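Work through the exercises below with the structure in view. Try each task before reading its solution.

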Amino acid sequence: TLFPVSGAIKVGTSIADRIVVPTTFAFAIFGGRLLTALLLNIGNDKSDQTEQKGPARTRSGITTAATSPQLVARVALVSLLFGSMYKRVHRRSLEWTDSLSLLESSLISCPRSAKSNLEISKIYSGLYKEKFDLPKAISYLEKAERIDPNYCDVSYQFAHCHVQQGKYVEFEERLTKALLCPFTMGQAIPLWQNYWKQVTSDPRSGAEAKDRMDKYQAIINQAIEKDQQKEREEATQQLKTRRKEYGGDEL
């Protein structure tokens, strides 16, 4: 059964389908039992009253008259339920076949997902040529940054958008931040090296570019030193804690 994909269970994340899939087997058993009882009226306490008026029943209490109005009504209701669920399952399955539709649906279910806003901005910044819209891409990035100011992944995507707009000062600032983000550092390093190699070699503006590069390099060095200092402090604190645990000055 694809019941979880129908969206009947609200989980609150963009990967809700994956979270509720483990319940599929249990739903198939208990849901099937419930529908069978509803359709066939199993367990009716009056089933043993063989002389009652109406459709004949077996020992198990199953209605044998296929033309029972109640049975027809129940079958109609169940058919409507399955038809509605099939429509939702079909729509959701189609959403998983395309990145844009999947991200749009994830933003509907989780509008405050910084990750989803970042990913959909890539759609409009050049991933799909027919969807190219830099102002829209930047608006999604700004929203992602408002949702989570510490979500450093957006800096590299900001740099990608700014360089296409020709805003090189903003590009340089975002590229520096992307270089300091552990999740985008690998992509940012070659871009950093290639960019500054080209702009500093310009005979007209190379000297000015070199000053800007030195300024950003100093920011990077300062951040690295700060992280190293933090690591040393944490290591010292751990050493003190271990010494207290062992009750001596030496391990």
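**Exercise 1: Aromatic rings**

In this predicted model, Phe-171, Trp-192, Tyr-195, Trp-196 and Tyr-216 make up one aromatic cluster.

Task: Classify the ring pair of Trp-192 and Trp-196.

Solution. 
- Step 1: Rings pair if their centres lie within 6.5 Å. By this rule there are five aromatic pairs.
- Step 2: The ring centres of Trp-192 and Trp-196 are 5.7 Å apart and the planes stand at 65°, so this pair is edge-to-face.
- Step 3: Trp-192 and Trp-196 are both buried.

Task: Now classify the pair of Trp-196 and Tyr-216.

Solution. 
- Step 1: The centres of the Trp-196 and Tyr-216 rings are 6.1 Å apart and the planes are at 40°, so the pair is tilted.
- Step 2: Trp-196 is in helix 9 and Tyr-216 is in helix 10 (residues 206-246). They are 20 residues apart, and the pair links distant parts of the chain.
- Step 3: Trp-196 and Tyr-216 are both buried.

**Exercise 2: A charge and a ring**

Task: Which ring lies under the charged end of Arg-174?

Solution. The ring of Phe-158 does; the charged end sits 3.9 Å from its centre.

**Exercise 3: Two helices**

Task: Describe how helix 4 (residues 99-109) and helix 5 (residues 114-127) cross.

Solution. 
- Step 1: The axes come within 10 Å and cross at roughly 145°.
- Step 2: The crossing of helix 4 and helix 5 is left-handed.
- Step 3: The residues of this contact divide into six nonpolar, four polar and two charged.

Conventions: Residues numbered from 1 in each chain as written. Predicted model: local features only at pLDDT ≥ 70, side-chain atom pairs only at ≥ 80, totals over all residues. Heavy atoms only, no water. Phe/Tyr/Trp six-rings, centres within 6.5 Å; stacked < 30°, edge-to-face > 60°. Buried < 20%, exposed > 50% of the residue type's maximum accessible area, 1.4 Å probe, protein only. Helix = DSSP H or I, 4+ residues; strand = E, 2+ residues; numbered from the N terminus. Lys NZ or Arg CZ within 6 Å of the ring centre and 35° of its normal. Axes fitted to C-alpha atoms, helices over the stretch in contact; angles between N-to-C directions. Left-handed = near helix turned anticlockwise from the far one by under 90°. Nonpolar A, V, L, I, M, F, W, Y, C, P; charged D, E, K, R; others polar.
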